[in-house]
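Hi,

Here is the structure I promised to pass on. Have a look at it first, and then read my notes below.

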Amino acid sequence: MKKIFWLEFVALLRSKSFFLLTLTSALVPLVFAAFVKTDGTPDGERMIKVYYSLSAILAVVLLTVAAATASSISHDRKSKLLQLTLIRPVPFCSVAFGKMLAHCAACMIALAFGMAVTCCLDDSDCCRHVL
């Protein structure tokens, strides 16, 4: 399972989809900050920016993990690579789990970028221990 994880993780980091996911998760807070309507208080603005932008980023990341893992497994099945993998004494569950774990790890990196952008947008001077 480790080898499947690392092969899939490295392939995902080299692909355009990881770059697009990271770019999307970094742009979502910027878009939310431009279009957000608040109650006029700094606390309300911060709450809406942080909660809604992080929720949107998490939704994008979770949908991407599910779609990318299913696409990876179906592409391997179509190219007969999955059958070559299953000839070895590796159960299908460990192949699927290794692929899903690799996609989750790459998406957590993208989620970290989105969280960093959201924290950088928070320019209020009020106490942070209130949240």
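F35 sits in helix α2 (helices are DSSP runs of H or I, at least four residues, numbered from the N terminus). With a relative accessible area of 66%, F35 is exposed (exposed means over 50%, buried under 20%, with a 1.4 Å probe and protein chains only). Before you read on: this is a predicted model, where local features need pLDDT of at least 70 and side-chain atom pairs count only at pLDDT 80 or more, while totals for chains, interfaces and linings use all residues. Residues are numbered from 1 along each chain as its sequence is written, and side-chain values use heavy atoms, with hydrogens and water left out.

T22 is also part of α2, which covers residues 16-35. T22 is buried, though, at a relative accessible area of 12%. Beyond its neighbours within four places in sequence, T22 is in contact with A110 and F113 (contact is heavy atoms within 4.5 Å).

Now for α1, residues 2-14. I4, F5, E8, F9 and L12 are the buried residues of α1. Seen down the axis, they fall within an arc of 125 degrees, so they line one face of the helix (the arc is taken from the directions from the axis to the C-beta atoms). K2, K3, W6, L7 and R14 are exposed on the other side of α1.

Cheers

Terms used: Helices (H or I, at least four residues) and strands (E, at least two) are DSSP runs, numbered from the N terminus. The expected span of a helix is 1.5 Å times one less than its number of residues.
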